Amino acid sequence: MNELVPGGNLPLPGGALTLRVPGSFDVSALITDESGKVGGDADFVFYNQPTAPGARLQGDTLTVDPARLRTGAARVTVVISPAEPGTPLGRLPAPTLHATDAGGRPLARFTPPRPQRETVLLLAELYRRGPGWKLRALGQGYADGLAGIARDFGVDVVEDAGPGPVPAPRSASPTGRPASSSPGSPAPDPTGFLTLVNSARANAGSPPVSLDPRLASAAQGHAADMAAAGRLSTESRDGTSVYQRVSHAGYAYLTVGEHLVSGPRTPAEFVDYCLRTEQARHTLLERAFTHVGLAQAVDPRSGDVYWTALWATPITTGNLAQTAAKVVELTNAERARAGLPPLAVDPLLAAAAQAHSTDMVARAFYSHTSPDGSQPWDRAAAAGSRRRTIGENIACGQRSAAEVVEGWMNSPGHRANILKPDFTHIGIGFAGGGQMGTYWTQLFGA
């Protein structure tokens, strides 16, 4: 696999190409001709307009088949912006582009220099060169966001009162996000499910949740797969986990929960079952959740109804920082009980820890050793740290800071790292997605 640098390019094989950018980013694409300008609304691929001839966006993954692009297309530019509108990219981990061929074989990876004040980044482009196509790494940012994109690509932008992550053509929502997921525009609730759920939550003192079409889409795909297989499972027959479905649907989460149930015939029966079952009740009433998606599918052989409910809270710069701070707070509380001084947060260790959690989700592994062979001290050094001693704890599947620290403290090896007297600094990383749903990294230094 090729590691690209800004300006580096790579000849592409024939067939479709898959471009994935994991993390808290919105991915979009601009299709242009030799002049570098879009030809119209259909040349902009994003959340509310996920397909165009030869291009399809699904969550964080863009698939492009150059041979099927519209007549005259000469370039496809991959654009990213923060999933939380208006957030400077410098507050997020550096994005990484993963390119694979039609057979799923890795072709290239590109991580640009860490952006700062920019709110939109041209990450890479596919461009026609003679009879073939090439991939070029870019990393060009726009601090003026929408205006910069509009100026360079001729996008007809519809401005509104709030900032949007990417420019939108006149035929689509100005923010580039599904209209039903934005505040004040709730998705319809024809089954009465949300009314039942929020009534139960109100009685328990929990805030209401709203329906999210991305969660509903992920739930529908998972419910249909369970019905086809005739069994309940967190993984589909092809090995895709329900958490990966959420990520692929474009919902980047901080917390996630699920109900996988068979038997109830109506949403009311489903909610009643959840409220009568201890663990299911806990999930339904969890205060941290802000969104939900529900779907059902029928097994044509048995007639059994399979349900998937997905509960989540979107990740933002703020709540990611709060979660990391809570892990540090709980870690230092354990050290205080052992008579040890607290650990100070090191931004370089935090950057390395965040990159490792994100990488474990993106490359589907769970290990202190990355697929490229790098170890914790290698990643710390790559982030710019000069600390002499490095230690690392990782975990997956835990749903909260309290849960992950408790798990580490119950493991002798992880506990030893937390209570090592020599360590003076710490960095925390977290990423949602992958087979286990959540991936945590705790990086220590001295």
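Eight aromatic pairs occur in the structure, where a pair means rings of Phe, Tyr or Trp (its six-membered ring) with centres within 6.5 Å. This is a predicted model, in which local features need pLDDT of at least 70, side-chain atom pairs count only at pLDDT 80 or more, and totals for chains, interfaces and linings use all residues. Residues are numbered from 1 along each chain as its sequence is written, and side-chain values use heavy atoms, with hydrogens and water left out.

**Aromatic rings**

- The ring centres of Phe-193 and Trp-311 are 6.5 Å apart and the planes meet at 55 degrees, so the pair is tilted; planes under 30 degrees apart count as stacked, over 60 as edge-to-face and the rest as tilted.
- This pair links distant parts of the chain, with Phe-193 in helix 2 (residues 193-203) and Trp-311 in strand 17 (residues 305-314), 118 residues apart.
- Helices (H or I, at least four residues) and strands (E, at least two) are DSSP runs, numbered from the N terminus.
- Phe-193 is buried at a relative accessible area of 1%, and Trp-311 is buried at 0%; buried means under 20%, exposed over 50% and partly exposed in between (1.4 Å probe, protein chains only).
- A cluster joined by ring pairs contains Phe-193, Phe-270, Phe-289, Trp-307 and Trp-311.
- Arg-136 places its charged end over the ring of Tyr-127, 4.0 Å from the ring centre; the criterion is NZ of Lys or CZ of Arg within 6 Å of the ring centre and within 35 degrees of the ring normal.

**Cysteines**

- The structure has zero disulfides, a disulfide being a pair of cysteine sulfur atoms within 2.5 Å.
- Cys-274 is buried with a relative accessible area of 0%, and Cys-396 is buried with 19%.

- The 16 residues of helix 8 should span 22 Å at 1.5 Å a residue, and the end C-alpha atoms are 22 Å apart, which agrees; the expected span is 1.5 Å times one less than the number of residues.
- Asp-346 caps the N-terminal end of helix 8, with a side-chain oxygen 2.8 Å from the backbone nitrogen of Leu-348.
- Helix 8 is mostly covered, since twelve of its 16 residues are buried; among them are Leu-349, Gln-354, His-356, Asp-359 and Ala-362.
- Ala-364 lies in the loop between helix 8 (347-362) and helix 9 (376-382) and is exposed at 62% relative accessibility.
- Ala-364 has a positive phi of about 55 degrees although it is not a glycine.
- Most residues other than glycine have a negative phi.

- Four strands form an open sheet in the order 18-20-21-19, with mixed pairing; two strands pair if DSSP finds at least two bridges between them.
- Strand 18 (344-345) and strand 19 (390-396) are the edge strands, each pairing on one side only.
- Strand 20 (residues 425-433) pairs with strand 21 (residues 437-445) in the antiparallel sense over nine bridges.
- Ile-428 has Gln-442 in strand 21 as its bridge partner.

**Asp-101**

- Asp-101 sits in the loop between strand 10 (97-100) and strand 11 (106-110) and is buried at a relative accessible area of 9%.
- The side chain of Asp-101 reaches the backbone nitrogen of Gly-103 at 2.9 Å.
- A polar contact is a pair of N or O atoms within 3.5 Å; within protein, one must be able to donate a hydrogen and the other to accept it, and residues adjacent in sequence count only if both atoms are side-chain atoms.
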